[in-house]
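Please study the sequence and the model before reading each solution.

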Amino acid sequence: MRRTDREIKEFEEIVKVMEKCEVCRLAFHDGGYPYILPLNFGMKVEGEKITLYFHGALEGKKYRLMAADNRVGFEMDCETKLAFLEKEGNCTMEYESVIGQGIVEMLPESEKERALGILMGHYRREDFPYNKAVMPQTAVFKMTVESFTGKRRRVSNRDESVLRLVWPSMAYAEDIMNFRKEFLDHDPDENMGGTGRLRDCTCAEEWVREAEALRDRKTCPANFVDSDIYLAVRQSDNKIVGVIELRHHINHPVLSLWGGQIGYCVRPSERRKGYAAQMLRRILTVCRDGGQNRVLITCDENNIASEKTILSCGGKYQQTVWSENLGSNMKRYWITL
C-alpha cells in the first residue's frame with residue numbers, strides 16, 4: 001500500500017468497516033477484461049476467517065465466469081463524504097474501504113436458508129421473516145476471503161473547526177424560524193428529532209423559553225424528561241445547520257423503549273456534509289465528561305443515513321422494536337463511552 005498512513009491494520013477495525021458497507025463489488029475474470037458486479041452481501045466472521053455470502057437469480061454471466069475461474073477480487077466502501085478544505089483552496093474525499101481477493105463457490109440447497117439469514121442480518125436482522133417461497137428461484141454463493149487490506153481517509157481537525165454547540169437564544173431567533181420553515185416546506189410530516197416542540201411553536205421566543213424550561217427538572221413540563229437542547233452552528237457563517245437534544249435520563253416508557261437518550265436532526269439543505277456525525281460526537285463528549293458510560297440511541301429502520309451516523313460513532317445494534325406512536329420499527333443501538 002503506497003499510503004501506509006491511511007492503512008487500517010487491525011483486523012477488528014477492518015471488520016467494522018465491512019459491517020458498515022452496503023454493497024460489495026466482485027471482479028470476475030472475463031478474458032481480456034474484468035467483469036465487475038455490485039452485490040448485496042452478508043458476512044460471517046470466525047476467528048480471523050471472513051466468509052461473504054451473495055445471492056441472485058438462478059442464471060447469469062457471473063455463474064459462467066465463476067465456473068471457468070472461481071478466483072475473484074472484491075471492493076467495498078462507506079463513510080464517503082466530500083470535504084472542503086477552505087484554507088488550501090481545494091477539496092478531498094473522506095472514506096473507509098476494504099479490498100481483497102477470495103475464492104467463490106455455489107452453495108447446495110441444504111445451506112441456502114442459513115446463508116440467506118446471514119445476508120438478511122447484514123441489512124435488517126438475521127431472523128427477519130422473509131418469504132422462503134423464493135428460495136427455489138434463488139441462487140446463493142459464498143466467497144472465502146483469502147487476503148484483504150483496509151484504508152481510511154479523514155480530514156484532520158475537521159470536527160474542531162466546523163461546528164459549535166450553543167444554547168437556543170433570541171440571538172438566533174430569525175434563523176430558528178427559518179430552520180423550522182425549511183423542514184415544513186421540505187416535508188411537513190418529517191420527524192424533527194431533538195427539537196422539542198419547535199414544529200408547533202409560532203415564534204422563536206416561545207421555543208427558546210421552552211428549551212430553557214426543559215433544562216431543569218423543577219421547570220420541566222409534566223410527562224417530559226429534563227434535557228439540554230443545543231443549536232449546532234457552523235463557525236464560518238454562524239448558520240444553524242442542526243439541532244441536537246441530550247435527555248438527562250431515559251427513565252421513561254417511550255425513551256427507554258424506542259426514543260433513546262439523544263435526538264437530532266439536520267436541516268434539509270445541509271445534509272450529506274457530515275454534520276450529523278459531528279453533532280453526535282460532540283454530545284457524546286458531553287455525556288462522557290458528565291460521568292456516563294453508555295447511551296441508548298435509536299433510529300427508524302428505514303433511515304439509512306441516521307443508522308450510518310450512529311455506527312460511525314461506535315453504535316452497537318441491540319434489537320428492533322415497534323413504535324406505536326410513529327407507526328414504524330425503530331432500531332436500538334448502545335454507544336459505550
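**Exercise 1.** What percentage of the 337 residues of the protein count as buried?

*Solution.* The structure is a predicted model. Of its 337 residues, 47% count as buried. The protein exposes about 17900 Å², and carbon and sulfur atoms supply 49% of that area.

**Exercise 2.** Which residue forms a salt bridge with Glu 13, and where do both residues lie?

*Solution.* Step 1: side chains of opposite charge can pair when their charged atoms come close. Step 2: the partner of Glu 13 is Lys 16, with the closest N and O atoms 3.4 Å apart. A salt bridge requires a distance within 4 Å, so this pair qualifies. Step 3: both residues belong to helix H1 (residues 11–20) and are 3 residues apart, about one turn of the helix. Step 4: Glu 13 and Lys 16 also take part in a network of salt bridges with Lys 20, Glu 96 and Arg 152.

**Exercise 3.** Is Glu 245 buried or exposed? Determine also the class of its salt-bridge partner, Arg 247.

*Solution.* Step 1: Glu 245 and Arg 247 form a salt bridge whose closest N and O atoms are 3.2 Å apart. Step 2: buried means under 20% relative accessible area. Step 3: Glu 245 has a value of 8% and is therefore buried. Step 4: Arg 247 has a value of 12%, so Arg 247 is buried.

**Exercise 4.** Which classes apply to Arg 71 and Asp 69?

*Solution.* Step 1: these residues form a salt bridge, with the closest N and O atoms 2.9 Å apart. Step 2: Arg 71, at 49% relative accessibility, counts as partly exposed, whereas Asp 69, at 17%, is buried.

Methods:
Residues numbered from 1 in each chain as written. Predicted model: local features only at pLDDT ≥ 70, side-chain atom pairs only at ≥ 80, totals over all residues. Heavy atoms only, no water. Buried < 20%, exposed > 50% of the residue type's maximum accessible area, 1.4 Å probe, protein only. Areas by Shrake-Rupley, 256 points an atom, 1.4 Å probe, with all protein chains shown as cover. Salt bridge = Lys/Arg side-chain N within 4 Å of Asp/Glu carboxyl O. Helix = DSSP H or I, 4+ residues; strand = E, 2+ residues; numbered from the N terminus.
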